[in-house]
Amino acid sequence: MKRGLVVLDTAEVPEQERPDRVARLQRRLADEGVTIGLVYADVHRSDDVGYLTNLCIYWNEGILAVPAEGDPAFLMKLSPRVHPWMRRSSTLTDLRSGKGFTALVQGFVENAAEPGVIGLVDAALWPTTTVDEVRAAAPGWDVRPLGGLVREQRLVPSAAELGLLGAAAGHLRTALDAVTGPDLPRGERIALLEQALRGAGYTDLMVEVVHGPDEVSAVEVTGQFRFSWLRAARLVTPASGVPQWAASLQDALAAARGAVAPGEAASVPAAAAEKTLTGLPAGATAHATVVHQADLSTGGDYASPDEQLPVGAVVVVAVEVLFPDGGRVAVADTVRVGETGAEQLDDKELPA
């Protein structure tokens, strides 16, 4: 379950920005010949719906039905008692609850003049049972798989989103500075990070302290702020000093950042990092990744390493080493793909 503050504030994101996002999707649906686009969401993967409407799926699952013309509706397996809260915290006005998607989708499509095309946005990530429910709801309709149309819009954050990411990055850097000294117990590091970042407004948060040989450990944070994601991981400097292999890990991260450039495949900076690693302990294996922040809710597991990095995208550059005893350490940073290379996210506060 997600925990944290859900904010709908025109000082953060202009009022017209989210309706414009929906309109952009509707134009794409019309271009594809789709009558109604369906966007699936559950508590693990709800960023597309959040991006379009500011709705936080904190539990269970739902489908955002977006007609090529007209207003969207959210079809959910949640009680109607959540409707007032959802209306206050999102741009949606049409909220429909039910026990199953077959009846909910049927109720939405029955107003159409005639059967048309239903497009399943990012269909490869839909549960098979939910696809079956949609098909059962719309006999005579052409149910068609679509690609990640909303994800494509999310790859390059707007100016408002970039401001939010910059503020979140500032909170994250400050929190990590406070917990990466050599003397704090593991549990205290985690508790302090949780307290600082939850208090700063992070909605979803995964914090780990991981360990390798030579007394080297790392603090790793993946967090959602509003509907964007960041990840950072830092080594904890042991009292005995940084061994050569750990210093090499830092050099590899710097090499990856240096290879980030618009138009390059995500695999290019990853390869630059792996070439830089030297002197790893016996049996250790290392790998580097570059993942769009828009893919962090699924851990980047479905992203292609051959996908080119667009200018303005925000990506996570990470280098991880695994050890034969099951230990691991990692370093990571979230950066913007600038015209000439990787840029640190601006550390600026949210509007008062």
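Predicted model: local features only at pLDDT ≥ 70, side-chain atom pairs only at ≥ 80, totals over all residues.
Let me begin with the helices. Two packed helices are described by the angle between their axes and the distance between the axes, and I will give both values for each pair. If you want to find the contact on the screen, look on α9 for S248, D251, A252, A255, A256 and A259, which meet V268, P269, A272, A273 and T276 of α10. Sorted by class, the residues of this contact are 8 nonpolar, 2 polar and 1 charged.

The second pair is helix α4, residues 101-109, with helix α5, residues 128-137; here the axes come within 8 Å and cross at roughly 40 degrees, and α4 and α5 are therefore oblique to each other. The crossing of α4 and α5 is right-handed. On the α4 side the contact is made by F101, T102, V105, Q106 and V109, and on the α5 side by T130, E133, V134, A136 and A137, which by class gives 6 nonpolar, 3 polar and 1 charged residues.

Now to the empty space. Rolling a probe the size of a water molecule over the atoms shows where empty space is left. Two or more lining residues come from each of α1 (17-31), α2 (47-53) and α7 (159-179), and the largest share, 3 residues, is from α7. What is the make-up of this lining by class? The residues lining the largest cavity divide into 8 nonpolar, 3 polar and 6 charged.

The second largest cavity, with a volume of about 50 Å³, is lined by L5, V6, V7, N54, C56, T203, R226 and F227. By class, the lining of this second cavity divides into 5 nonpolar, 2 polar and 1 charged.

At least two lining residues are supplied by each of β7 (202-211), β8 (217-225), α10, β10 (285-292) and β11 (314-322), and β10 gives the largest share, 6 residues. The class count for the lining of the largest pocket is 14 nonpolar, 8 polar and 7 charged residues.

The second largest pocket has a volume of about 230 Å³, and 16 residues line this pocket, of which D122, L125, R151, D295 and T298 are the closest to its centre. The elements that give two or more residues to this lining are α2 and α6 (149-154). As for class, the lining of the second largest pocket has 4 nonpolar, 4 polar and 8 charged residues.

Terms used:
Residues numbered from 1 in each chain as written. Heavy atoms only, no water. Contact = heavy atoms within 4.5 Å. Helix = DSSP H or I, 4+ residues; strand = E, 2+ residues; numbered from the N terminus. Nonpolar A, V, L, I, M, F, W, Y, C, P; charged D, E, K, R; others polar. 1 Å grid on protein atoms, 1.4 Å probe; cavity = no way out; pocket = protein on both sides within 12 Å on 5 of 7 lines; lining within 4 Å. Points joined across faces, edges and corners; volume = space filled by probe spheres on them. Axes fitted to C-alpha atoms, helices over the stretch in contact; angles between N-to-C directions. Parallel < 35°, antiparallel > 145°, perpendicular 65-115°, else oblique. Left-handed = near helix turned anticlockwise from the far one by under 90°.
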